[in-house]
Amino acid sequence: MAGQTKKFKTEVQHLLDLMIHSLYSNKDIFLRELIANATDAIDKARFESLTTKHIAQEDWAIKLTIDKDQKTIRISDNGIGMTKDEVVDNIGTIAKSGTKAFIKAMEEQNASSSDIPELIGQFGVGFYSSFMVAEKVVLTTKKAGEDTPAIRWSSDGKSSYTIDETEKDSQGTDVVVYLKEDAAQYLENWKVSEIVRKYSDFIEYPITLPYVKTNEEKTETVEIQTLNSQKAIWLKKASEITEDEHKSFFAHLSHHGGEPLKSIQISAEGTTEFKALIYIPEKPPYNFFMPDFQKKGLQLYVRRVFITDECKDLIPDYMRFLNGVVDSSDLPLNVSREILQENPLLKKIQKNVTLKVLSALKKMKEKEPEKYLNFFKEFGKVLKEGIHLDFANQEKIKDLALYESMNTEPGKMISLKEYVDAMAPSQKEIFYITGESRKALENSPALEVFRSKGYDVLYMIDPIDEWVMQSMQQYAKKHFKTADKGDVELDESEASKEKIEKAKEAHKNLLECLQNQLSSHIKEVRFTNRLTDSACCLVADEGALSSHMERMFKAMNQEVPESQRILELNPAHPLVEAMQSVYDQDANAPELPKYARLLFDQALLTEGSPIPDPLAFSKNIAELMVKAIKK
Ligand code: ADP
């Protein structure tokens, strides 16, 4: 059958262009990527052979062959293989949503930075990395357990590829890389051995390479050498694992070359027996916070046999930033993925893993606070979900939470314990305020009284915080209280109460007048002792949504119950006396409605809410300015 020539999809073309012209010097990773693909393919075939049994058991192996005459290196596996459609889908197209982002990231990196392997891994475009070193790549594949013809795919990586049927006796995939002139180093046994040992040592299938041995009589024999130790790293003792091994295993698991921040090794004995090696990454993958992020979960092995790399039940959702392996001794080897979903054993493992991770985080927080701060800045908003979702561990997670506060320097954070320990003896509650950013909160008039009393206020600036607070209730027997709600009673002294009462009495008519003018916007106008500098602020009625939450709902186009808030006035502000004298001269003075409106708009602006009628606002201001200037 004549081969069919097909054009690459535009994105692939673009990507290949970048690969071919990549200046990135560490091209070794192409071999790591092809070996990773071969490993995945064997994992899949072996899993099928254990469960559905329509695929036979094999001597699973990845065979490398070098041909110096042809200038090729071949990577062969006896894994799952591909049908023609799969080849077209997987190799001719990049069906992944992240491709565009990858290309952009790569262009921005100038295709030379050390982040390239990280990008390649993250975006799952490993196969194409072979074009960094290849003039031509020929892939021959035969799907395991199916009676479909073998397929040969070949391309020079420029604009098109050819695909045709071919002969292949055994299942699996051969990838032959025709090396460019400047990539001749990959024809050397030592170089290939070095790369395999560095990146793929723990792969559990033998990775072999024939080498020519010359004996004393100068006759040459070919021997097959296994390059990798195949040692499951998670079975080793913690002290035996080197940092480099951790790095390369993490890269293998996470599909991105970033570094692990911390490794956690678990060896559970007793009712549930399993070993685990878990990594907290230093940074999240590029798409971690995007809505289409597919959480994979940990890899599950049963007595060293790979079962799945998508076992979501091994960790709670709020630990989805982890990478790692769990190797169970209790599950049956032929456990199917469907059975896994309901398995109570996994719940037990999850419980154990969760506790170990929480305690490792606690230790890091105590012993390596800087490192922990970095972790928390990257993943804190995910971890905090646990306060709401994991009742059993709620207290532990509360202890891990960090917040910026009115008293911290920007970028520094404190724990709830630190907050409580620093509380003044007179302070009974933990105060917090929610908002979009530190900057937006810092100027909130609601904080004035706290500042004057020396009480700290926690800044809750992650969108998730308000939701988490619904379950917070208390910490160390202290209740949480929003700093910008109506019922905060800070200064309960008789003198202060009297001051408010007096102001209420003295300005009774003015308050009534303002209240009437603003009745469609607010529930009440009243005096407060929470302000020291500002003239007024808006506070939520106890039980109502905070202004931040209201803005969030509105931004999501959700119906928000029109909450009637309270406008609080500072009795000591000169504006109050000034308005009073206008009122005393003429209770129907035309300025009064304008003043009322301006007070309300001002309060909205300071808390970062939009004002309903900006045009009327600026007209009012302009009029007042003219008057003031004329005086
Ligand atoms: P990734 O491996 O991250 O998905 P690649 O570009 O390396 O990205 O490979 C694309 C897809 O091609 C793989 O997901 C897999 O389905 C298929 N593939 C690649 N190499 C092999 C192989 N040796 N055997 C079977 N399928 C393969």
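The model is predicted. In the protein, the secondary structure amounts to 22 helices and 23 strands. The chain has 631 residues, and 52% of these count as buried. The accessible surface comes to about 31,000 Å², with 49% of that area belonging to carbon and sulfur atoms. Among contacts between residues at least 6 apart in sequence, 70% join residues at least 24 apart.

Two helix pairs were examined. Two packed helices are described by the angle between their axes and the distance between the axes. The crossing of helix 9 and helix 10 is left-handed. On the side of helix 9, the contact is formed by L361, M364, K365, E366 and K367; helix 10 contributes P369, K371, Y372, F375 and L383. By class, the residues of this contact divide into six nonpolar and four charged, with no polar residue among them.

The other pair is made up of helix 18 (residues 508–517) and helix 20 (residues 574–585). Here the axes come within 10 Å, and the crossing angle is roughly 90 degrees. Helix 18 and helix 20 are therefore roughly perpendicular to each other, as angles of 65 to 115 degrees are classed in this way. In helix 18, the residues N509, L510, C513 and L514 take part in the contact. Their counterparts in helix 20 are V576, M579, Q580 and Y583. The contact of helix 18 with helix 20 comprises six nonpolar and two polar residues, and no charged residue is present in it.

Within the strands, V302 was considered individually. This residue is found in strand 12, which covers residues 298–302. V302 has a relative accessible area of 0% and is therefore buried, the cut-off for that class being under 20%. V302 and D330 are 28 residues apart along the chain. The C-alpha atoms of V302 and D330 are separated by 7.7 Å.

Conventions. Residues numbered from 1 in each chain as written. Predicted model: local features only at pLDDT ≥ 70, side-chain atom pairs only at ≥ 80, totals over all residues. Heavy atoms only, no water. Left-handed = near helix turned anticlockwise from the far one by under 90°. Helix = DSSP H or I, 4+ residues; strand = E, 2+ residues; numbered from the N terminus. Contact = heavy atoms within 4.5 Å. Nonpolar A, V, L, I, M, F, W, Y, C, P; charged D, E, K, R; others polar. Buried < 20%, exposed > 50% of the residue type's maximum accessible area, 1.4 Å probe, protein only. Areas by Shrake-Rupley, 256 points an atom, 1.4 Å probe, with all protein chains shown as cover. Axes fitted to C-alpha atoms, helices over the stretch in contact; angles between N-to-C directions. Parallel < 35°, antiparallel > 145°, perpendicular 65-115°, else oblique.
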